[in-house]
Amino acid sequence: MWRDPDFRRLWAGQTASQLGEHACLVVLPLIAVLTLHTDAGRLGDLRAVGQAPVLLLSLFVGAWVDRWRTRTVMVLADAGRAVALGAAALAGLLGVLGLPALLVVAFAVGALSVFFDVAYQTSLVRLVARDQLVRGNSALEGSRSAAQTGGPALGGTLVSLLSAPVAAAGGALFFVVSFLSIRRIRRIEPVPDRAARPPRLRRRITAGVRFVARDPALRAVGLASAAFQFSFAATMTVYLLFLPRELHLPGSAVGLSLAATGPGALVGSLLAARLPGRFGHGVVLVSAAALGDGVLLCVPWLRGPAAVTVPALVAVNFLFGAFGQLVNVTTMSVRQALAPDAMQGRVAATITWAGMGVAPLGSLLGGLVAEQWGLRTGLVVTASGMLLSPAVMALSPLARLGRTLPAGWAGGDR
């Protein structure tokens, strides 16, 4: 697979794009704080506007991506994000950037990131053979995990060394690199004939949702994702209060413990390239989800000085990242194998929407539980809820998957 120049171009472009995307999560808020001197309320508005496209656009983007070549979608998304960030950087340097314009930039970058993320998840199916999906996803998700850890750190470093507007220009350069790399992919993708009038967008979205709902394995992936994201959002709400208030850890220690998920995710990506083929996809999914989610139940029982609790938290987060990434890569490969080529974008978007759509409700529940029952009890309750995800998998056809990926649909889709 690594001898395939088109896959290398996709991997390099996706890596640069993810670095730019995750650097922006720090750079744009810092522009608001350091350049525009916004307060906490306006900063919250900026973050919400940047996150909103995931909920508002995912289903529409999935239906749209299925009608286009993923290479085209990715390069246009890269170009758009580079232009948006470049314009923000120029306006910031000239002293004419205001909060309304920054909100527009945040929404544009977030919306184009939805297009890119759905497209790159779909592109691998059209680029490599079925027996290479797990290894391909392992490589792509490994670089994404590294970007999730390194991107914010890189953005913060650029702001510290240069300035917030110049850091935005640096983020734009990552999207330019991704644009140039993905644009060089030579393999021609098969796409539906757009000469005939396609069904209305609403019908196509509905077809994608129904396909996921009617397929037992994909339905289980969606339900397990929803259970995980809901419970994880609730857990993190309590967790981020528990560390400084109950364990009395400084901000640096909290950051160190959370950063351990990044190296863990890299290890999980490497394991995902080997373990499903050796032990079976079902065994790996259920056991990794149970271990990864269950390890967070150790946190409420931690007590003592930082010299004891911080190493324990680092170990817990490392294991959570490793097992969680093992689940992510394996489920993505199963999902890609089960969906027809013409519906890959809608299936990816439907499952993403199902999971992320309930996360805000989980965050609200976590705050309510912590307020009513206390931080330690609240963390036990919310972390226990995360075990619903492996339970859903264990009771579904996912648990019975063997060492080879299931046969997908050979037929097309309108």
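This report covers the nonpolar cores and the salt bridges of a predicted model.

**Nonpolar cores**

The largest nonpolar core has 51 residues. L10, M74, L124, L218, V347, M393 and L398 have the most contacts inside it. Helix α4 (residues 99-127) supplies the largest share of this core, eight residues.

Leaving aside neighbours within four places in sequence, L398 is in contact with A217, A220, V221, G282, L285, V334 and M393.

**Salt bridges**

The whole structure holds six salt bridges. Three of them are listed here.

| Pair | Closest N to O distance |
|---|---|
| D6 and R187 | 4.0 Å |
| E246 and R376 | 3.6 Å |

D6 and R9 sit in helix α1 (residues 5-35), three residues apart, about one turn of the helix. D6 counts as buried because its relative accessibility is 7%. R9 is also buried, at 17%.

R187 lies in the loop between α6 (164-183) and α7 (201-214), while D6 is in helix α1, so their bridge ties together parts 181 residues apart in sequence. R187 is partly exposed, with a relative accessible area of 35%. Salt bridges link D4, D6, R9 and R187 in a network.

The pair R376 and E246 also links distant parts of the chain, 130 residues apart. R376 is in helix α16 (residues 375-385), and E246 is in the loop between α8 (216-245) and α9 (251-259). R376 is buried at 15% relative accessibility, whereas E246 is partly exposed at 33%.

Key:
Residues numbered from 1 in each chain as written. Predicted model: local features only at pLDDT ≥ 70, side-chain atom pairs only at ≥ 80, totals over all residues. Heavy atoms only, no water. Core = buried A, V, L, I, M, F, W, Y, C linked by side-chain atoms within 4.5 Å. Buried < 20%, exposed > 50% of the residue type's maximum accessible area, 1.4 Å probe, protein only. Helix = DSSP H or I, 4+ residues; strand = E, 2+ residues; numbered from the N terminus. Contact = heavy atoms within 4.5 Å. Salt bridge = Lys/Arg side-chain N within 4 Å of Asp/Glu carboxyl O.
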